[in-house]
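This report goes through one protein model, part by part. Look at the sequence and the structure first, then read on with both at hand.

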Amino acid sequence: VVQIGTPDRSVVTTCAYCGVGCSFKAEMRGDELVRMVPYKDGKANRGHSCVKGRFAFGYATHKDRILNPMIRDHYSQPWREVSWEEAFAFSAAKIKDIQDRHGRGSVGAISSSRCTNEEVYLVQKLVRAGFGNNNIDTCARVCHSPTGYGLKTTFGTSAGTQDFDSVEYTDVALVIGANPTDGHPVFASRLKKRLREGAKLIVIDPRRIDLVRTPHVEAEHHLALKPGTNVAMVTALAHVIVTEGLVNESFVRERCDWDDFQEWAAFVAEERHSPEAVERVTGVPAEEVRKAARLYATGGNGAIYYGLGVTEHSQGSTTVMAIANLAMVTGNIGRVGVGVNPLRGQNNVQGSCDMGSFPHELPGYRHISTDEVRSIYEDLWGVVIDKEPGLRIPNMFDAAVEGTFKGLYVQGEDILQSDPDTKHVSAGLAALELLIVHDLFLNETANYANVFLPGSSFLEKDGTFTNAERRINRVRKVMAPRNGLADWEVTQRLAQAMGLDMNYGHPSEIMAEIAATTPSFANVTYDLLERMGSVQWPCNETFPEGAPIMHVDEFMRGKGKFVITEYVPTDERTGPRFPLLLTTGRILSQYNVGAQTRRTQNVLWHDEDVLEIHPHDAEQRGIRESDWVRLDSRSGSTSLRARITTRVAPGVVYTTFHHPATQANVITTDFSDWATNCPEYKVTAVQISPSNGP
Ligand code: SF4
């Protein structure tokens, strides 16, 4: 007897939410997905999962999915459903016309960290070979681009140094600017297991995240610093290590540039970097900082895990380098149990960066100006590649407002909701002559589009995602693309309409090209992935089956580089009008701007964003629990319900950004990381007042 809903087949694939990259068995009955079962042989999750991967897949078949291409001459007009052929011909003709009138550099594309490596690779190829410029950027610009800059500068490549298994050998975990319990739940479970076994925990975060105190886990130190003072804090930790004789000198002499180290050590040893001197900046008692530094330096294997609370600041790249300095000076790098580990937010942030979707880098983080690297692709693609870096995402909006940038192809990202300074983004989008949105839903960005190309969900794809530990996981097609074309085929057909010779028959052929042209992927094949389950790059002649740990005998750049990290306060200042600091984060059941999770049953766990306010600040303003609160910043205003809590310190308020009504990016500033333009989402001066509702 076959019960209704009993699966009759299953396909092993990879979760498309966060950078943990859990493997699942998608159990099917006919064409219907019955359930997602965590896969016990998945190397990133070993049979575990969270409520997103397990339950939040209903968006794939949601009635809001757009399944037919649509075009219109202007975004003010109604959409017209057309064939794929007409949509591609319309788009290609518009791109050519714009370039004829405004120059080659007047168009560009934004690739998605939600899409597969193969899909991202094709978008950057379309731009470089088809558009003839380097105006390709990734939505990772707004999350982990400082990781790219900081870890490449110090270690030589932009990636987490360890595998998740390594946490089982960690003695001291330092979690800074990350909330793994909500953002990376399966990794958080492994970390908590290790903490229950006796490992020590240091949390550096303005907010008392769950990890600080949960059943059977209590952080040794919670350094609840003022938002925006990460560099001062991490440099103060380094000050203690250097001035109290806790440097791992043999490691530094053998593995790092000694001259750089000496210069850096003299810098951090200056009294102005002592915990006592920076206490008034960070707000954290000096003695707590001293104890935390001693614990990290002397407590055994020290591993650092960080997230967007590090990167999304005006000094995001500086903080990443300060963290790298800390690992090098204590020798906590290059072996099991230690390391520097960026916890990537989206499922394929690592991969989208690896695949050359930055305007200055070809796949494998090789600079566009390097003749030998460009020539590899020029020979293969039969084109000349521009050696000048292209526009970053914020520069695209600036150029659109100025009238020099006219056409944009956006793959799988609602930039109007997710990018900072919404007014400026909408002005840029409104000024475009052509906006192609390639997505599952008619999102907010599509309001300004004149071409809509239906996208496919992860259940409809073949390809690979690369998780936060550099693990290349297979994504396998569970059901046929509901719109008729997989995302890689959409990009390929658009490229063909532009006259490009692009004729892949399957994503494995795209991976073969990636492997042939990218040294860190040289050995990666779908056959190897079938045999191994997954592999961690670098995967090449030196590491034929991948490398769980990097920088073992030497750093990817040779000698590790210490970098001077001078603290520069953000320009976003509090004052009489805006006396509080707003910072933001995620909640377990929801994901980013909620385009997917809000279209699943997970919305029952969290149906609105709220504003956390310290009791002291609430009382001063006559705000009670669940009252509506008006939130004003220099950029704009919005309303949320109040949650009175001591999770935040006096002077700090906090919200999540999963629901469009929150309009968090109406509030945020246009300040950004000095090196990468990653927006400063985490620090906004605000005022709050009682309100009657939205
Ligand atoms: Fe998916 Fe991340 Fe949850 Fe794993 S931890 S199931 S990858 S959202």
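## The second largest pocket

By class, the residues that line the second largest pocket are eleven nonpolar, six polar and three charged. Here Ala, Val, Leu, Ile, Met, Phe, Trp, Tyr, Cys and Pro count as nonpolar, Asp, Glu, Lys and Arg as charged, and the others, Gly among them, as polar. The pocket holds about 400 Å³ of space. Of its 20 lining residues, Pro538, Asn540, Phe543, Met550 and Met556 are the closest to its centre.

Grid points are joined across faces, edges and corners, and a volume is the space filled by probe spheres set on the points.

## The model and its confidence

This is a predicted model, in which local features need pLDDT of at least 70, side-chain atom pairs count only at pLDDT 80 or more, and totals for chains, interfaces and linings use all residues. Residues are numbered from 1 along each chain as its sequence is written, and side-chain values use heavy atoms, with hydrogens and water left out.

The protein chain has an average pLDDT of 92, and 96% of the residues score at least 70; pLDDT is the predictor's confidence in each residue, from 0 to 100. The scores for the model are ipTM 0.99 and pTM 0.91.

## Cavities

How many cavities of 30 Å³ or more are there? The count comes to four. The largest cavity has a volume of about 410 Å³. Of the 30 residues in its lining, Gly177, Ala178, Gly309, Thr584 and Lys682 are the closest to the centre. At least two lining residues come from each of α5 (180-183), α12 (308-311) and β23 (580-585), and β23 gives the largest share, three residues. Helices (H or I, at least four residues) and strands (E, at least two) are DSSP runs, numbered from the N terminus. The lining of the largest cavity divides into ten nonpolar, 14 polar and six charged residues.

The second largest cavity contains about 80 Å³ of space. Among the residues that line this cavity are Cys15, Cys18, Cys22 and Cys50. Helices α1 (51-55) and α6 (185-196) each supply at least two residues of the lining. Its classes are eight nonpolar, three polar and one charged.

## The sheet β20-β21-β22

Three strands form an open antiparallel sheet in the order β20-β21-β22. Strands β20 (463-466) and β22 (534-536) are at the edges, each with a single partner strand, so one side of each has no neighbour in the sheet. From one strand to the next, the twist averages 30°. Two strands pair if DSSP finds at least two bridges between them; β21 (residues 471-475) and β22 pair over three bridges. Ile472 stands opposite Val535 in β22.

Helix α3 (residues 117-131) lies across β20 and β21 and runs at about 95° to β20. Contact means heavy atoms within 4.5 Å. Axes are lines fitted to C-alpha atoms, for helices over the stretch in contact, and angles run from 0 to 180 degrees between N-to-C directions.

## Other strands

Six bridges join β1 to β2 (residues 23-29), and Val11 has Ala26 in β2 as its bridge partner.

Strand β26 (residues 637-644) pairs with β24 (residues 610-613) in the parallel sense over four bridges, and five bridges join β26 to β25 (residues 628-633) in the antiparallel sense. Strands β25 and β26 form a hairpin with three residues between them.

## Two backbone exceptions

Most residues other than glycine have a negative phi, and most peptide bonds are trans. The bond from Trp537 to Pro538 is cis, with omega near 5°. Pro538 is in the loop between β22 and β23. His216 is not a glycine, yet has a positive phi of about 70°; this residue lies in the loop between β10 (213-214) and β11 (217-218).

Notes: On a 1 Å grid over the protein atoms alone, a cavity is a set of points where a 1.4 Å probe fits but cannot get out, and a pocket is an open set with protein on both sides within 12 Å along at least five of seven lines; lining residues have an atom within 4 Å of a point.
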